[in-house]
Amino acid sequence: MFHNSSQKKYWIFKSEDELEHMRCKANQKFRNKALESGKKPGVSESMFLQRHEEDVLFRHYERRLLEFCNAFKPTMPKSVVGTALMYFRRFYLSNSVMEYHPRIIMLTCTYLACKVDEFNVSCTQFVGNLVQETPAGQERVLEQILEYELLLIQQLNFHLVVHNPYRPMEGLLIDLKTRYPTLESPESLRKTADDFLTQAAMTDAGLLFSPSQIALTAILNSASRAGLNMESYLTQCLGLKEEKETLSKMYDSMRRMKTLLKKYEPPKLEEVNISKQRLERIHAEFASSSK
Amino acid sequence: MICGRDHGDQNTAQIVDLGFTLHRRRRNRLLKSVVQTEMDEQGCPRCKTTKYRNPSLKLMVNVCGHTLCENCVEMLFVRGSSNCVQCDTPLRKSNFRVQLFEDPTVDKEVEIRKKVLKIYNKRDFDFPSLREYNDYLEQVEDIVYNLTNNVDVENTKLRMEQYQRENRDVIQRNKAKLTREQEELEELLLQEQQSNEQRRLEVLQEEQRQLQAKRKNKQALLDELEQSQLPATLLLAQHKVRAAQLETQIEQQKQAVKPTSLFSTGIHMRQTVSLQPVTKIEDVLYHYRPLQVETYGPPVPELEQLGRLGYLNHVRAAVTQDTAGGYTSGLACYRAIQDAFSGLFPLRG
């Protein structure tokens, strides 16, 4: 369960600043490493990616990951997609995109997530979904995936179980239907809540809040969108009538989460292209030396 | 294995510290099982054909590690010239030993090892710690390796001589101890053999006696039939009775177990057991306390209560195929509720 999981112990952080700090550290670490490993001609500080460029690339490849998973044959369950996204996010918390190209890491994350979540696809079936490659190209990609798999597991600190908010959402809907007759049709909330969860997966919400909190926020959000007031649910059914402090804290986290979602903007194409070019240059420079 | 070593890498010796040593004698016994068995795999390098034609011909190996069949050895030393055919090192006839292993280098190493261990014969109790013992063994392996593969032979020989000079008395002491141990072992073996022999003889004698008794009985019957006045049937009946008696006697002797005074668990046979009740041991009574787990969320209803509370109405009912394995819809419902409530409340403070 989530309350005694490694996710709660090691992968829930206090604030977005902490996350940003970790990402800056990863960026800095790569810069130091690259500068130290021999002063090659043509290497300069300005070649490295800035934090915001890294961010743009990260979001771009995250979308690509989502598209890949949605186009996957056979249909990938939502929990697998969520796990893959979480792996991708956790990996780039302590590593820089300049060091490991997101194109491969994204496929490795999906591959590992399929295995961990027991969505069994053979590796050939997996790379068969990369429709734009030739079979030979798919073989090469597969080799690369297998190369990076162990690295990915290591960087996740071997904490492979990820709790996604989908099941908590189902549980909350069941609870609403059983104990909260004030709300007539909780099923109508499902669609919007689902969208909320998909959007939340593209933000840092998974690293800051527990999955049940995310699910609850999703449901309350869709309820307020539909104009329904669900405060009595929290006070009565969840037993928070006396606990004013807990209640206020929960509202606080929900507000923070909504802000996170609002802040998210899909990356712009020109920015992505520029950053991609620079990324390819960096990889061409350093990939041969850092192997 | 005594301190296995990676011979392939000469610069960085990888010492495998196994923490125990295999006794020399045991190791030799193990190695002896790898004895040359195929008759026509190896050929004598000098006369080549003789080996195949004569399967009983033995190969001899010498200090330089090269093999020669018996005939060739004789011929080589008849002529008086005594150099190895392949490597031209000067040899003596006494240096040739019958080959035990398929690979002559193994034989060479075994010879060298025997010689080295005559000098380096310290044992594990001569050292204060396991680490030092293993270091010593590593030294020995170094020396044997050097001598076998002709690496740095001069220095190695010097080292050996120096060691010999320094530890002369220890070597002597250990030699004496070794011979004593060997003698003791041999004595034990001899004793065992002798007692086996005795037992065998006894059994044979017993059998002989029984056979003789039977024969005497038969003879007695025949004599009586000849001489006695009683009718033949009576005599036969008597004879039968006597034969049966003899049989039971033999049976009893066979089953006569040596009386022992101990049960197999070690308790004496005459020991009486007290039938008093065992003394009571007072101890604290165990109270069951259910496990408390902090879930950071609202309390979850029990699995059994889910139906009554109405949760199961909102879960997909279990199909008959599912229930075969023990699945109930309550299980899925319970898991969903647990997940929904776990970690719902703020995690810190």
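Author: A:Asp195 pairs up with A:Lys191 in a salt bridge, their closest N and O atoms being 3.3 Å apart (the rule wants a side-chain nitrogen of Lys or Arg within 4 Å of a carboxyl oxygen of Asp or Glu). This is a predicted model, where local features need pLDDT of at least 70 and side-chain atom pairs count only at pLDDT 80 or more, while totals for chains, interfaces and linings use all residues. Residues are numbered from 1 along each chain as its sequence is written, chains are lettered from A and ligands numbered from 1 in the order in which they are written, and side-chain values use heavy atoms, with hydrogens and water left out.

Back to that pair: A:Asp195 and A:Lys191 sit in helix H9 of chain A (residues 187–201), four residues apart, or about one turn of the helix. Helices here are DSSP runs numbered from the N terminus (H or I, at least four residues; strands are E, at least two). A:Lys191 is exposed, with a relative accessible area of 57%, and A:Asp195 is partly exposed at 39%. The cut-offs are under 20% relative accessible area for buried, over 50% for exposed, and partly exposed in between (1.4 Å probe, protein chains only).

Hop over to chain B and there's another one-turn pair. B:Glu111 and B:Lys114 lie three residues apart in helix H4 of chain B (residues 104–119), and their side chains meet in a salt bridge at 3.9 Å, N to O. B:Lys114 counts as partly exposed at 46% relative accessibility, but B:Glu111 is buried, with a relative accessible area of 14%.

B:Arg242 is in helix H8 of chain B (residues 232–255) and B:Glu224 in helix H7 (residues 168–227), so the pair ties together parts that are 18 residues apart in sequence. Both ends land in the middle class: B:Arg242 is partly exposed at 27%, and B:Glu224 is partly exposed at 25%. Some bridges also share partners, and that joins A:Glu20, A:Arg51, A:Glu54 and A:Asp55 into one network. Over all chains, a search of the whole structure finds 29 salt bridges.

How many of these cross between chain A and chain B? The rule finds one across that interface. The bridge between A:Arg167 and B:Asp339 has N to O at 2.6 Å. Helix H8 (166–179), helix H11 (211–225) and helix H13 (244–263) of chain A are the elements that each give two or more residues to the side touching chain B. Of these, H8(A) gives the most, with nine residues.

The contact takes 26 residues from chain A and 26 from chain B (contact means heavy atoms within 4.5 Å). The two chains bury about 2400 Å² between them, with 66% of it on carbon and sulfur atoms; that's the accessible area (1.4 Å probe) two parts lose on being put together, summed over both. A:Arg167 turns up again here: together with A:His3 and A:Ile174, A:Arg167 supplies 24% of the area chain A buries against chain B, more than any other three residues.

Now for the inside. The largest nonpolar core has 103 residues, and those with the most contacts inside it include A:Phe88, A:Phe126 and A:Met230 (a core is a set of buried Ala, Val, Leu, Ile, Met, Phe, Trp, Tyr and Cys residues joined through side-chain atoms within 4.5 Å). Helix H4 of chain A (residues 78–94) brings the largest share of this core, 10 residues. Leaving aside neighbours within four places in sequence, A:Met230 is in contact with A:Leu176, A:Tyr180, A:Leu183, A:Leu189, A:Ile219, A:Leu220 and A:Ala223. A second, separate core of 16 residues includes B:Tyr120, B:Leu137, B:Val140 and B:Val144.

A:Phe88 also belongs to an aromatic cluster with A:Phe58, A:Phe91, A:Tyr92, A:Tyr100 and A:Tyr148. Rings of Phe, Tyr and Trp (its six-membered ring) pair if their centres lie within 6.5 Å; planes under 30 degrees apart are stacked, over 60 edge-to-face, and the rest tilted. The count comes to 19 aromatic pairs over all chains. For A:Phe30 and A:Phe48, the centres are 6.1 Å apart and the planes at 80 degrees, so the pair is edge-to-face. Both A:Phe30 and A:Phe48 are buried.
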